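Subject: Structure handover

Hello,

Here is the structure for you to take over. My notes on it follow below.

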Amino acid sequence: MGYVAVRGGAAAIENAAQFSLVRRAGGDSNLLEPAQIRDQLHFAVDRVMGEGSLYAPDLAALAFKQAAGDTLEAAFILRAYRTTLPRLGYAEPIATDAMRLIRRISAAFKDIPGGQLLGPTSDYTLRLLDFDLQAESSARTREAVAQLLKDTAPLAPLPERFPKVVEMLRREGLLAPRPASSGKEEPLVDITRQALTFPAARSAQLQSLARGETGGMLALAYSNMRGYGSVHPVIGELRVGYLPVPYKNPVSGVVETIGEILVTEAEVISRIADDGGPAVFSLGYGLCFGHNETKAIAMAVLDRAIAAPEPAAPSEDQEFVLTHVDGIESMGFCNHYKLPHYVTFQSELDRLRNIQAEETSARDPLS
């Protein structure tokens with residue numbers, strides 16, 4: 001496929017960019033501030049951070065404003081900015097049982113060590129439009145929030161650690177270990193510095209899925225769960241909370257906590273197909289930035305699906321899954337078709353005209 005550079009049109013391009021400002025800010029309502037987006041549209045901000053592969057709520061909110069609410073475009077902007085940042089080092093491994101939880105549920109067991117914690121969610125309410133929000137009073141809302149926090153203040157603090165639910169299955173020998181894709185010991189891979197190769201190491205699989213596009217991952221996981229695959233998951237545990245980030249001081253060598261990140265973690269359990277082997281479950285794992293339960297569950301399902309030794313569906317083929325879940329790459333490929341294809345289309349047009357002329361000539365040699 002050949003392309004040629006198109007010259008000219010600079011003024012039109014600049015005007016197009018200006019008109020996008022009119023589309024975003026040309027109305028009569030007050031302009032949104034990034035802080036408002038960060039605090040009140042937190043699901044969108046979390047999604048942009050996850051797909052943009054950069055934990056920066058303020059910058060994600062700014063990108064979301066710049067993109068006028070287009071999460072794909074905002075993630076693109078944020079990931080592009082990420083490439084300009086220096087890499088100072090890698091965090092130390094983090095044990096997620098030390099997560100400062102705001103939500104924790106299990107669909108596998110009613111009673112789990114530490115108990116279930118519903119936390120902030122609309123899962124158990126009807127999806128009806130709340131017309132009261134059209135004229136929401138800031139004072140009344142702030143008062144209601146303050147009262148809720150006041151009522152919960154006397155409650156006993158949560159434990160510092162919650163044991164993993166799946167450990168109960170592991171102790172009983174009901175959870176199969178995860179074999180390496182390549183069948184041998186795998187090194188840690190950083191997909192931001194190394195090209196993705198197949199079979200991909202587990203670290204590369206999880207990194208690719210962690211910054212995958214929520215909708216794309218959901219579609220693939222949904223296809224597997226509906227029957228175009230073999231994963232029939234049960235959520236062993238779903239956690240939302242804050243993880244401390246430990247980092248070894250390069251000068252003193254002391255590991256210090258440099259901050260916290262909000263993450264969502266999902267562990268799904270699925271029975272291994274009965275092929276004459278031991279009757280055990282296997283585990284699918286998902287973890288992503290921010291509060292994004294749909295993505296974490298879809299990631300866990302896909303992680304479990306691509307562990308299949310013999311893929312029976314596209315969602316179980318790791319190369320198919322990992323090369324198609326990145327929203328920025330897929331959006332870029334889709335949108336590149338908006339760019340001029342004058343040469344390639346003219347070539348195709350000439351070819352079709354010649355074929356039709358030859359067919360006409362063959363049918364009627366005297367024409």
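Leucine 62 lies in helix 4 (residues 57–66); helices here are DSSP runs of H or I with at least four residues, strands are runs of E with at least two, and both are numbered from the N terminus. This is a predicted model, in which local features need pLDDT of at least 70 and side-chain atom pairs count only at pLDDT 80 or more, while totals for chains, interfaces and linings use all residues. Residues are numbered from 1 along each chain as its sequence is written, and side-chain values use heavy atoms, leaving out hydrogens and water.

Leucine 62 is partly exposed, with a relative accessible area of 43% (buried means under 20%, exposed over 50%, partly exposed in between, with a 1.4 Å probe and protein chains only).

Helix 3 (residues 42–52) has eight of its 11 residues buried, so it is largely enclosed by the rest of the structure. Among the buried residues are Val45, Val48 and Met49. Serine 53 follows helix 3 and has a positive phi, near 65 degrees.

There is also an open sheet of four strands, in the order 1-2-3-4, with antiparallel pairing (two strands pair if DSSP finds at least two bridges between them). Strand 1 (100–105) and strand 4 (281–289) are at the edges with a single partner strand each, so one side of each has no neighbour in the sheet. Strand 1 is joined to strand 2 (residues 234–248) by five bridges, and arginine 100 stands opposite tyrosine 242 in strand 2.

Regards
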